[in-house]
Structure formats: C-alpha cells, structure tokens
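Please open the model in your viewer and keep the selection panel at hand.

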Number of protein chains: 2
Amino acid sequence: MKEIKIGILGFGTVGAGVVEGIQKNGSLMAERTGITPVVAKIADLDITTDRGITVDDGVLTTDAMAVIADPEIDLIVELVGGTSIARTFTLEALKQGKPVITANKALLADYGAEIYKTARDNNTGIYYEAAVGGGIPILRSQRAGLIGNQIESIYGILNGTCNYILTRMEREGLPFDEILADAQALGYAETPPDLDIDGIDTAHKAVVLASMAYGAPVPMSACPTSGIRGLSASEIENADELGYQIKLLAIIKDNNGEVELSVEPALVPKEHMIASVADSFNAVFVKGDIVDDTMYYGRGAGRLPTGSAVIGDIMEAASDTLNRVGPPVSVTMMLQKTELKYCSADNIEKRCYIRLCLEDKPGAMAKVMNIFGEHNISIASVVQKERHESGRAPVVMLTQKARESEFVGAMNAIQALDVSCAEPIRMRLEDFG
Amino acid sequence: MKEIKIGILGFGTVGAGVVEGIQKNGSLMAERTGITPVVAKIADLDITTDRGITVDDGVLTTDAMAVIADPEIDLIVELVGGTSIARTFTLEALKQGKPVITANKALLADYGAEIYKTARDNNTGIYYEAAVGGGIPILRSQRAGLIGNQIESIYGILNGTCNYILTRMEREGLPFDEILADAQALGYAETPPDLDIDGIDTAHKAVVLASMAYGAPVPMSACPTSGIRGLSASEIENADELGYQIKLLAIIKDNNGEVELSVEPALVPKEHMIASVADSFNAVFVKGDIVDDTMYYGRGAGRLPTGSAVIGDIMEAASDTLNRVGPPVSVTMMLQKTELKYCSADNIEKRCYIRLCLEDKPGAMAKVMNIFGEHNISIASVVQKERHESGRAPVVMLTQKARESEFVGAMNAIQALDVSCAEPIRMRLEDFG
C-alpha cells in the first residue's frame, strides 16, 4: 500500500466536499487502487468558519505557498477560484514539478495555454475533470475512452442554473424573470446571475472541451456566446408546439477542418436524448468518427458531485506520480498543435427558428417570403397564428439549413419592411442531422 | 515519440474494426498521447477472407501462440471469442507478463477470477472496456471517474438486440416473434437468438459491472436472469397506458451491504432518462454516494464502436506498459475482496406489474385483494378492462414495494383460485426511488 499526501488550496464548498468524500471513502479508494489518499494540508485565508468537517490539528493553514513548497506534499488541489491568485498557485506548484488538480474552468479558459505548457515543461500534470460537467467523467471519457476518435461534434448542456430555469419555464409557463428570481431565492442561481445566464460559464467549459477535442488551447474570443437572459415564454411555447425544447447549448464541431464553436440557446427535438436532460442536470453529447453517438449525464455542480470529479483526478494524479509517468494525456492532448483554424460565424450553416411580427396587411407574407428566397433560405414550416386584436400577426417559422450571413441579411431586410412591427427573434435549431 | 507493438488475436468483425480505427486515426492518437500504436501481428485461422482492410505483408499469421511469445510484441488484443481457446491465449499472454485487451464478456463472466489473479500475479494488466456497453466508456468511468464513490446502484440496458426489439414492439404494436424474425433478417439479431433474448449476454455484462462495483469476481450463478422471449404485446401496451416502458435491465444494487443482482425485463417510467434509450443503443445509469446520478449512453455493439473501446484500452495499456506501472485499477478493483455477500432473491423488495385473468364473477376481485393483503402487498393502481366476450376479465395492477417471497406466495395463491383463468404475469417495476 502506497500513500499520497494531498495539499488542498481553498476550503470552500468544493474543498469541503473533497475532504468529506476522502474521509468517507478513502479506505475504499485505497482498497481499489493500492494508494491511500491523505489530506495533509488545507490552506484557506479563513480557517475558523465551520465547514461541517473535522480535520486533524495542524492540517489547516493560511499559508498556501508554504503548502505548495512543503516537500511532504505530493500534489496540489487548487480550489480557490478566480483567475488571479489561483493562477499564481497553479503555476508555482507546476514549476515545482507537483501535479495540480483543479475545478477552475475560468482559469483554464483564460490561462490554459500557459498552464498546460508549464505542466509539460516541468514534466508534471494538470488534471481538471471537475472543470467541465461537475461529477460527469466527460473529459476522462474524451481523453481515454474516445482517444481513438476524431471528434465530429460535441453538444453540451453545461450550466445547471440555465437548464433549471429553462426546465421550469417550460413546465410552468412562467416568465424568465420570475423563475430567475425564484431560482435565486432557492439558491439555484447566484446573485448577480450574469456568469450563468449570459452563457459565460458555459463558454468557459466549451473552450476546454474544444481544446481537448482539437488539440490546442482555444481562446474565449473564438466562442461567440449568447445566454438565455430575457428569453420569452412565447419562444418556449412556440418551440413546444413544434415539437422542440429550448436548451442552452455549447456547440462544438469539426467543420471541414475548421473548429465551429458557440454557446447559444437552441431548439432541440423533444425526442432527442439531450432534450430529456432536465432540472439542474448537465449532459454532454459526443459524436466520434469511430464510436458514433455517445452521451454523458450527471450533476454539473454541487459540493459532492464536483468533489467526486476532483477525487477521481487526485487518484489518477497519485498513480501517475507514484509511477513517475511524465506529462499525462490531459496535458499532451491540449498541446498537439500551436494553432487551430476557426470557422467564421458567417459561414456556419444551420437551421433557425424565427418569430416575426407582421402588420396584418395583404402582401405582408409575400414580402417576407421573397426576402428569404433572395437569401437562399428555405422555409421548412410556418405557423401563423390568428391576428391579435392589435392587427398584428405573430409568424413562427422553422427554416432549412442556410448560411449565417444569409440569415443576418434576411433579418435586416425583414426588419426594414414597412409591415414589420417588431424586431425579429431568431434562434438556432439543432436537429443533430 | 514512443511506439507500442500490438498483436491482435482474431480478425473477425471487431478485429477488423480495431485495425481500421488504428489505420484511420493512429497518427492522431500518437499526437495526443506521444505513443504510436503499431499493429505488428494479426493471428487468425482464416487469413484469406477479405476483411476490407489492407495490412502489410507478414502481419497476418495463423499462429496465435507465436504472436503471444514474440518478444517484439508488447501487448495482446484477444478478440477470438468463446471461452475455450480465448482463455488459453489470455492466460498465456498474462503469464508472459504481457497486458491483454479483450472484448470478451463471456470469458470474464466465466473465468474472471482466474484472469484477474493471473494478471496481478504477473504484474500486468487485463483491460476490458469493450466487454460492457460496446463503445461506451462505462468501465473506465466507473474505475477512474467514480473511483471515490460507493456504488449504490447500477441499471444497465446492455443488449442492443433486446432494446431494438422492445423499441419496435412499442412503436409498432407487433408481436415479439414477428419483430424478432424481422430483426434476424435485418442482421440486428443472431440466429439462434438465445444468448441475447434470454438475457445471458446482459448477465455476462452485469456480473462484470457488479464485480467492479463491489470488488470481487461475481459468478454468473449469482445473477438470476430472465429475458424477453415471448413477451406479450399486451404487456407493452398496458405499460404504455400506465406511463411506463418495458426495458431489459441489468439491476445491480448495494442492498445493506449485500449485492442485489438480476437481469430481467422491467417497467421503467417514461420520463426517466433510461426510457429515452431507444433502438439498439445501450446505456448504463450509475448512482454513486458522492456523485449522485450519472448516465452513459452509446452504441453497445458494432465493429467500429466496439473497436473504439478496444483502442482506448490499447492506448491505456500502452501507457501503463511504457511507464512500467504494475497491475492497473482494472485488475486491483476486481480483487479487493475474496468473497461478496449476495442478497437472497426472496428478500428483495421491489414494486411489480401484475396481469391477472379472472372469471367475471362476483367476489373474484375480493378474493384476489384478500390474498395481496395477506401477503403484505399494497396495490398502487388497478386497471380492470371491460370483460372480453369470453367472460374473462384481464386485470392489470401496479403494486407498492413488497418482498419477493410475498409476491411468489401471492401469485401461487391467486393461480390456485377457482376464478383464475390463466397464469398470472408478473414483472418488476423499477421507479428508481
């Protein structure tokens, strides 16, 4: 039986979850792997707050740098959050040749290139399963189980807060603001909620997935991001009537050798597996050229589920360390190439959901249809509801695949029509075809 | 860049898929991992049939034992199938200290204990991701991502043939025999279909999952197995009306420290993720004490999906070999304990679906209800359809949780009633509660 000494930086929610998990199941993990995980040090500026966890005397400290430097400590778990001091700690540990386990998606999204290279140059590892999809072993599946696959596409529901809001909007038919406020009151959404509902958190995770899929650190600037803020209940209702649900998706594709990447709300067919992902659950749908469709589902957040992912990484890092393995695949996969080519947003072909508001006048629809025709956009279905008392008719359409630049042109032209009475709403429709 | 030399035994469907996958993506795998996989030898008794794959001169051979003994060969991929010669090859390779990758679930189910111990004693590894769930990285998720978890339960849809038949019966309302015949004609089911439709194949996979979950080789005799042979379309229709689907499930649970294990058709709620698993897809739903619910979905068979799993194992075995790692977790996890305790079938508490056929006489239902009461079985819902012209009334019931021995007693008593006109049908109902 071997032993590995762990230094944890950050004793917040996830830190406490990791310690709880190891206290509960450490001896089981040792039985399974032959390695006993020992939480030797926990550094936090606040070491007086009760975390609901009892640790031995001398384990808690306020000096993170001393933990990193401690020759007794074999590996470092970075759970301080943010991208400032977390970056300093991570780089320092890697420079000392110590593997780092992190759950910090923002850190990887912003400083991944520097971190992966530092790990490689110091012949050690960075492990970050918990950064994407919480407890779901999605990165491990990608870098190990699917290692033989070219990744054709990845669709991710990666933010539990957004999925919770969308699920409740759909079930209850209530407006976005009301559900958001309730989610905040219940602790399902943070205040302010911007990182979640504007899609930033999803984008942090999307660039990590894309980096691993295509072999080089992907900058946040390569990921056009829109969230679900202010999504109208009408869209949810219209989508439902047409057989679709709205999900906030990370979309990652190999588009003829160029990386297509975005975070956006999208309509997905109700019968597709990904539409079954409800409440605060996450899921990642991965299509490989050999394995075909796969999906991974679970809790995307929470102290214990995230702790589960951190613990999985701790045990892998421990085995790599004890066996003196060099930089692991979680490092080498990120540094296959120096640069990736990205698909210009204008060139992306997609289907769309479009909602227009037209004055109820003869010829209004003909004008709209002419514009679509001029922009090479075929309409798959149209639902025109009976006009409101206002004399304005909402028109809902689903298109066939067309180029983004054509959609932009068509939307501008339609909005300029005299019969157009509100800004058109447009959303991607993803049928996984 | 390092190189690993692979010897493949068996050049059938999966063997050809593995070679195709390595030919297609070998250089990508090398970029990702720093290790180049080289198919150095392929042994098969038939080396003349065209597999649609071109290999270099000298790679094909009919002498598997020579491949195993070849000092140039770093690892062995066993894809010959069956449990006779496959066992000999596997044990021989392990005794020579060579890691073995296999997709052979029957071999592991029947000879797992011997194989894991031989690997351990010879300080090498056996890798078998492809044996369960085809291309789905479920074992890797269990032994790495979820390593910190006590496994509370696993529910698996592990046989694509059965799931395909059940999906079509449900969609088309046709009888079992007709769909089976069609599935055989289309190549979705083998002739004879026994291993699949009688649940044996699912049970082979279930014992591997259970072994890994609870830390000792589980014998097939510990897995009561029933399949879907002759399942009546009435059951599918009744389940549907009540909001359920019928799936052939592997059920694995920690039942107060005892292993509960079975393979059986079961009703599952339509809104549960596992009910969305259609056609020939597989899925495994795993609940860990820390991670909570997770699910893994993908193709459970097919040359390339299975090849994807084999290739993932090849690269892991290659890394372990080059880094001189001892027996991997895929071995140590199977040998934590010498013996497991199993939950007696009689003691298992479950909900059931029951269909009775009663003579349409006053007091018939009262007699039935008395029997349920005497056996401590509460009825959650009853649907009695209008009597057929025959004067016989089919009665469908869903029970609350009760003990298996009570169900057996009640069924026997009901069948002995003078108003009972056919053998009662009973099936488990699994609501994941």
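Which residue stands opposite B:Leu267 in strand 16 of chain B? Select B:Leu429, which stands opposite B:Leu267. This is a predicted model, in which local features need pLDDT of at least 70 and side-chain atom pairs count only at pLDDT 80 or more, while totals for chains, interfaces and linings use all residues. Residues are numbered from 1 along each chain as its sequence is written, chains are lettered from A and ligands numbered from 1 in the order in which they are written, and side-chain values use heavy atoms, with hydrogens and water left out.

Next, select residues 258–269 and 425–429 of chain B, strands 9 and 16, which pair in the parallel sense over 2 bridges (strands are DSSP runs of E, at least two residues, numbered from the N terminus; pairing requires at least two DSSP bridges).

B:Ser420 counts as buried because its relative accessibility is 16%, buried meaning under 20% relative accessible area with a 1.4 Å probe and protein chains only. Beyond residues up to four places away in sequence, B:Ser420 touches B:Cys357, B:Leu358, B:Ile414 and B:Gln415 (contact means heavy atoms within 4.5 Å).

Finally, select A:Ile314, one of the residues with the most contacts inside the largest nonpolar core, which has 224 residues (a core is a set of buried Ala, Val, Leu, Ile, Met, Phe, Trp, Tyr and Cys residues joined through side-chain atoms within 4.5 Å). Apart from this core lies another, of 32 residues, including A:Tyr155 and B:Met295.

Conventions. Helix = DSSP H or I, 4+ residues; strand = E, 2+ residues; numbered from the N terminus. Buried < 20%, exposed > 50% of the residue type's maximum accessible area, 1.4 Å probe, protein only.
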